[in-house]
Every structure is written in structure tokens, then in C-alpha cells.
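I opened my notebook to look up how parts of this structure pack together. Here is what I wrote down, entry by entry.

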Amino acid sequence: MSQHRHPGAPGRAGAVPALPDLPEATVARLPEYLRALHNLADGGHETVSSEGLSAAAGVNSAKLRKDLSHLGSYGTRGVGYDVALLIEQIEYVLGLTQRRAVALVGVGNLGHALAGYDGFASRGFRIAALLDADPSRVGEEINGLVVRHVDDLPTVAAEESLAIGVIATPAAAAQQVADQLVAVGVTSILNFAPCVLSVPEGVDVRKVDLAIELQILSFHEHRKASLTALPAAGGSAFTALPGGFAAPDTQEAIGT
């Protein structure tokens, strides 16, 4: 994702320069910094140290300083970072200086909750349309928007200049919806359906699967429990796994 200086880019000292491609890991952390900075600004803070910002964002301070250096922002020794300026810089890099129109497809339980979330507007996004294939959903009003049939997507795209599509449908319908979004020119998709989408080159997909996140947490719970049940002295350092495999069950064996 190449970043280039735009005529509307911040113009003060330390403003974002023309940037090369940012590392994906850096891009993934910028929203965390932005969230923390908005909280600091709301609390009346005008400056913040790298240590203070890293703690607020839950990121290592050295990693934070390296990330922000990609933006041309190094802070001031003894003072730290200008909170308002850093918000401006990150919002510019993330393309949040304009409110991007979002189409949400699928207004079941999850879609309904997403449609009613007020936090999108304060972070640079506008839910421009709600769509569903279920005739019983069409015409329902959610948070001031009337649900339209998914077949209206071409009309909606022309009316709203859609930037992002959010898929909150069952897995069986997600690929067809993705195809419809791509067909009307949407090149960024957030997918909540528990499936992998096939999209053309140039279309970016971010996947959110709550069940997978819970399974990862379950692994960490299992691992912590195993570390509190170490074998007696002289016992085996391995635990039998289904299928006849063996896994180490001591701290030393797992490299902790």
C-alpha cells in the first residue's frame, strides 16, 4: 500500500511525508495507537511519551517508536509526542480524513449489532447501507437506516460511492455476496462469515472469526493448566496426544 503526499495532507512541521509501503505489522498497530491517542486527547493530554503511549496501546515502546518513525514522527526529547499532531498523521496514513461509506450485508443477530454500533462514525466510517437477501428483513429500520434487498447493491454503490463492504451473512452465502461486492467495484471487504473468500487480485479481505479467537484463548488456557500440573521427579516430560503423538509438558521442554 503505497502512501503518497496528498495536497490535503497535514502541512505543519513534522507532517506526514511521502511514504513507501508500510510493513503490514505496522499498519495493523496504527489503529491501536490511534485509539489510545483519542483516549489521551479526551482526557486533556496534549503530549505523551513513547512509554506512556506504548502502555496505553499495549505495545512494546521500542516497536512503537520504530512504527512512528515510518510516519516521520520521532517526538521531542523530554516532551514526547504531540497528541493532536500524531492523531492527524495516523488518520492521514490510514485514509481516515474522509468518512468512508460502508455497506453492511447481512442483518441477522451479528449484522444487527454491527448496524447499531455508534463507534464507526467517530472513527471515520459511515454505514451507508444495510442489505439482506431475506424479504422479511427488507424494510426494517435499524439505527436510522432502512434495510434494502441485496439485489439493490448496484444502485446503492452508485448512490453512495461505497468504499468497504462488510459481510455478516451465514458462511454459505458469503462467497456470493463477496462476488456481488466486487462486481460493483468494492475492493475492501471485512468478512465476519466463518469461511475463506476467493477474490480477485487487488481486493483486500480482512477476516474476523470470533470462534477462532476463542479457540486460541482455549489453547492458552490449556497450556497454563498444563504448566501447573508438571510430572513428578523422574516422570515423563511428554503427554500423550490423540492419535499416538506426544507433546512436551514441562516448561523446559516447551522452551519457556
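**Where two helices meet**

I looked up the contact first: Ser 50, Glu 51, Leu 53 and Ser 54 in helix 2 meet Ser 61, Leu 64, Arg 65 and Leu 68 in helix 3. Contact means heavy atoms within 4.5 Å. The residues of this contact split into three nonpolar, three polar and two charged. Here Ala, Val, Leu, Ile, Met, Phe, Trp, Tyr, Cys and Pro count as nonpolar, Asp, Glu, Lys and Arg as charged, and the others, Gly among them, as polar.

**Ground rules**

I noted that this is a predicted model, where local features need pLDDT of at least 70 and side-chain atom pairs pLDDT 80 or more, while totals for chains, interfaces and linings use all residues. Residues are numbered from 1 along each chain as its sequence is written, and side-chain values use heavy atoms, leaving out hydrogens and water.

**Angle**

I found that the axes of helix 2 (residues 50-57) and helix 3 (residues 61-69) come within 9 Å and cross at roughly 105°. Axes are lines fitted to C-alpha atoms, for helices over the stretch in contact, with angles from 0 to 180 degrees between N-to-C directions. Helices are DSSP runs (H or I, at least four residues), numbered from the N terminus. The two helices, helix 2 and helix 3, are therefore roughly perpendicular (65 to 115 degrees).

**Ser 54**

Is Ser 54 buried or exposed? Ser 54 is buried, with a relative accessible area of 7% (buried means under 20%, exposed over 50%, with a 1.4 Å probe and protein chains only). Leaving aside neighbours within four places in sequence, Ser 54 is in contact with Val 59, Asn 60, Ser 61 and Leu 64.

Key. Angles under 35 degrees count as roughly parallel, over 145 as roughly antiparallel, 65 to 115 as roughly perpendicular and the rest as oblique.
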